[in-house]
Amino acid sequence: MPRRAREDEVGAIHHVYNRALGRRPMFECDEDFRFFQSLLARAVRRGEIRGCAFCLMDTHFHVVLQIRPGTLAKTMQRIQTQYSRYFNRRYDRDGPLMKGRFGSRRIYDPAYFEIAMRYVEENAVAAELVELDREWPYGSARRRRESRPPRWLTPV
């Protein structure tokens, strides 16, 4: 049975996520987290997405983003492929890093947008890694509250 096509319309907002294969680590050091964030930032600079929120955990990631039409699948495929190649080279391994195709949920209404943003940014709190979302160094909560958040992380 074929997969259902993603709803990839102008300005659509999605909660995008994926997990490492076998729940193994996907990020092992600060440099890994920074490299993945740089891939997101590059996609923003190319005009493919607008970053709203993110949380990178050891074994998985969550991102809330707004897209241009036709870019979600290509952009996420590029990000995941580039990151997997980087990770495999860095740790002298081969084979797939991620569980498979990324998952995404289209966000239709403002109430669900707020819920998704909170869910993503509080992911480290739910995992009991920190007490406050802004304490997690690999998420957007702290950055969005700064007086000058990164240019690639923009509210919708």
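Me: How many aromatic pairs does the structure hold?
Reply: The structure holds 12 aromatic pairs. A pair here means rings of Phe, Tyr or Trp (its six-membered ring) with centres within 6.5 Å. This is a predicted model, where local features need pLDDT of at least 70, side-chain atom pairs count only at pLDDT 80 or more, and totals for chains, interfaces and linings use all residues. Residues are numbered from 1 along each chain as its sequence is written, and side-chain values use heavy atoms, with hydrogens and water left out.

Me: Ok, why is the pair of phenylalanine 35 and tyrosine 83 tilted?
Reply: Their planes sit at 35°, so the pair is tilted, and the ring centres are 6.3 Å apart. Planes under 30 degrees apart count as stacked, over 60 as edge-to-face and the rest as tilted.

Me: And where in the chain are those two?
Reply: Phenylalanine 35 is in helix α1 (residues 30-45) and tyrosine 83 in helix α2 (residues 72-90), 48 residues apart. Helices are DSSP runs (H or I, at least four residues) and strands likewise (E, at least two), numbered from the N terminus.

Me: Is tyrosine 83 buried or exposed?
Reply: Tyrosine 83 is buried, at 0% relative accessible area. Phenylalanine 35, at 21%, counts as partly exposed. Buried means under 20% relative accessible area, exposed over 50%, partly exposed in between (1.4 Å probe, protein chains only).

Me: New one: how far apart are the ring centres of phenylalanine 36 and phenylalanine 61?
Reply: They're 4.9 Å apart, and the planes are at 45°, so that pair is tilted. Phenylalanine 36 belongs to helix α1 and phenylalanine 61 to strand β3 (residues 60-67).

Me: Which cluster is Trp136 in?
Reply: Trp136 is in one aromatic cluster whose members include Phe35, Phe36, Phe61 and Tyr83.
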